[in-house]
Amino acid sequence: MTASLKRTTAVAVVSAAFLTTSVVSLAAPAHADDKPGDKPGKPKPPASMSKVGGARLGQAGTQVNLAPGVPALPKKLSGRSWIVTDAESGDVLAAHNAHWRLPPASTLKMLFADTVLPKFPKDQEHLVKNSELMDVGVGSSLVGIKENNTYSVHDLWLGVFLRSGNDAVHVLSHMNGGIEKTVDDMQKHADELQALDTHVVSPDGYDAKGQVSSAYDLTLIARSGMQKKDFREYAATATAQFPGEGKGKKRKHFAIQNTNRLLTGADGVTPYKGIAGVKNGSTTNAGTTFTGVAERNGKVLLVTVMNPDSDESMAVYKETARLLDWGFAAADKVEPVGQLVAPASAKRNAEGAAAPEKSPGGEKKKSEAAAAEGESSGLGIALAVTGGVLVLVGAGVFLVNRRWPLPDLVRRIPRR
């Protein structure tokens, strides 16, 4: 029996020993928030959510196929929503309220970067106008951009990725034609990625009415961004020099550090071995959010955690680290509960390349029927590994390297 056939026919066997330590979705999935000691009035996820990526991902509660040999999930997990995925194959290894639409905070900057980053050369210079900084939200995180000073596009992206600078986001948005156009561009790109839980209101993730995303969507977005070399390099940069005021040789620079604590080890967080990005966020409305990518022994995982309510210091990073540890231990043992879908254009191209063929009796071929069954289950377009590269069959527009060339920068970060 082939590996793909095993995957589609495998029935999850749940070990009774694991049930004592983990919440597992069976016929009646448990709610994430139905746990002893929960705070009164705590929001509950919708009973039914989007099924993009698989029917189980639309169910409330934890979704994981625990079986003999599969490690139990970590005990200290308080995020309202989280997801663990194989970044290369797209397999969802485990999830918890994956499609719960929640405020994303600055993790939305991943969508901003994935949308706008390809539009301007890194060495392009821009003179900042006062009008480009006027609409930055009060209390925003800033990198320290000043009006009537010139910055390169490279400088501005360092400000976005390292300091989560809303001032840098707004300058780049105005270069892109304005805030409204940039928001529209981001929404179109989210739709193209099939990040359909995402509604964009502000380009920087600043709290705004109706602005939401999900752990599933943020992971889709991060996966798309990480396929871009510059995105990978910026996301993995721990420290950099940023220009201050002035011109020419008199212009001074100051040091900036990435706000991703798993990357830098700031604020008492232990740097995670193999971490290579991606983005953190924190606002009053969203709480803390984080999407991280890490590599270990040739395996690349993406984990997103949204709004943990634990009293543990820096909980969003520590829960991410626990889920990464679990994912690396479980990756070759656990049956997936869903899939990260391909972009909509890749799906359309694949469908066009594989036009329906009919037998003399007018019935579809079995292969087409099987593809339709896979689509209806939320698995999306079929994927295949060819020549060491994961490719979308028949599309040629959506490529994910089996071994991403993750930046060497991350391997030079001191470990505590």
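Tutor: Helix H10 (residues 315-330) is mostly covered, with 12 of its 16 residues buried. Buried means under 20% relative accessible area, with a 1.4 Å probe and protein chains only. Helices here are DSSP runs of H or I with at least four residues, strands are runs of E with at least two, and both are numbered from the N terminus. This is a predicted model: local features need pLDDT of at least 70, side-chain atom pairs count only at pLDDT 80 or more, and totals for chains, interfaces and linings use all residues. Residues are numbered from 1 along each chain as its sequence is written, and side-chain values use heavy atoms, leaving out hydrogens and water.

The buried residues of H10 include Tyr317, Glu319, Trp326 and Phe328. Ala315 and Ala330 are buried too.

Now the length. The expected span is 1.5 Å times one less than the number of residues. For the 16 residues of H10 that gives 22 Å, and the end C-alpha atoms are 22 Å apart, so the two agree.

What covers the buried residues? The cover of H10 includes helix H9 (261-264) and strands E2 (79-86), E3 (91-96), E8, E9 and E10 (299-308).

Look at two of those strands. E8 (residues 275-283) is itself mostly covered: eight of its nine residues are buried. E8 and E9 (residues 287-296) run antiparallel, joined by seven bridges. Strands pair if DSSP finds at least two bridges between them. Ser282 has Thr288 of E9 as its bridge partner. Three residues lie between E8 and E9, which form a hairpin.

Terms used: Buried < 20%, exposed > 50% of the residue type's maximum accessible area, 1.4 Å probe, protein only. Contact = heavy atoms within 4.5 Å.
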